[in-house]
Amino acid sequence: MKSKVAIPLFGTRISPHFTYAETALLVDIENDEVSQSREIALGPADELQRVQYFKSLGIDTLICGGISSIAECMLGEQAIHVISWVAGDARDALEQFLLKRLVPGACLCQKHNRCRSRKGRKRIS
């Protein structure tokens, strides 16, 4: 089975908010393994433009940090599954996604315990 995942970035981490990311990691997955990954520039765009752009890329899953309910709804209407409010390194999130262990609100910040005091965060180890 083939799928395509997008992760908006802030450096190597998941961007704190979907709208403000300047780059994204695009990952092609085949048979539950990464077949190709690359970073792309997103440039300035409003939520609707960003949703349309991800749809044009054939994205089926978006892993992101914060996101407005409007953007999340628009993505859902485009058949893009959203795993939101995830914090941590993008590659760690991708690894958990491939293991089918990534959930909304997941904190992948074991090294620095940045999410330890946040209510509602789900630690994945």
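Residues are numbered from 1 along each chain as its sequence is written. Because the model is predicted, local features need pLDDT of at least 70 and side-chain atom pairs count only at pLDDT 80 or more, while totals for chains, interfaces and linings use all residues; side-chain values use heavy atoms, with hydrogens and water left out.

The chain holds three helices and nine strands, taken as DSSP runs (helices H or I, at least four residues; strands E, at least two) and numbered from the N terminus. Along the sequence they follow the order β-β-β-β-α-β-α-β-β-α-β-β. Of the 125 residues, 42% are buried (under 20% relative accessible area, 1.4 Å probe, protein chains only).

With β5 (residues 61-63), β1 pairs in the parallel sense over two bridges, and here Val-5 faces Thr-61. Two further bridges join β1 to the antiparallel β2 (residues 13-14), where Leu-9 stands opposite Ile-14. Two residues lie between the strands of this β1-β2 hairpin, in which Gly-11 has a positive phi near 70 degrees.

Turning to the interior, a nonpolar core is a set of buried Ala, Val, Leu, Ile, Met, Phe, Trp, Tyr and Cys residues joined through side-chain atoms within 4.5 Å. The largest has 18 residues, and Phe-18, Phe-54, Leu-62, Ile-67 and Leu-75 touch the most other members. β3 (23-30), α1 (47-56) and α2 (69-77) each supply at least two residues of this core, α2 giving the most, with three. Apart from this core lies another, of 17 residues, including Ile-7, Ile-83, Leu-94 and Ala-106.

Leu-94 also belongs to helix α3 (residues 90-98), in which Ala-90, Ala-93, Leu-94, Gln-96 and Phe-97 are buried. These residues lie on the same side of α3, because they cover an arc of only 165 degrees around the axis (judged by the directions from the helix axis to the C-beta atoms). At the start of α3, a side-chain oxygen of Asp-89 comes to within 2.9 Å of the backbone nitrogen of Arg-91. After the helix comes Lys-100, with a positive phi near 60 degrees.

Conventions
Buried < 20%, exposed > 50% of the residue type's maximum accessible area, 1.4 Å probe, protein only. Polar contact = N/O pair within 3.5 Å; in protein donor to acceptor, adjacent residues only side chain to side chain. Pairing = 2+ DSSP bridges.
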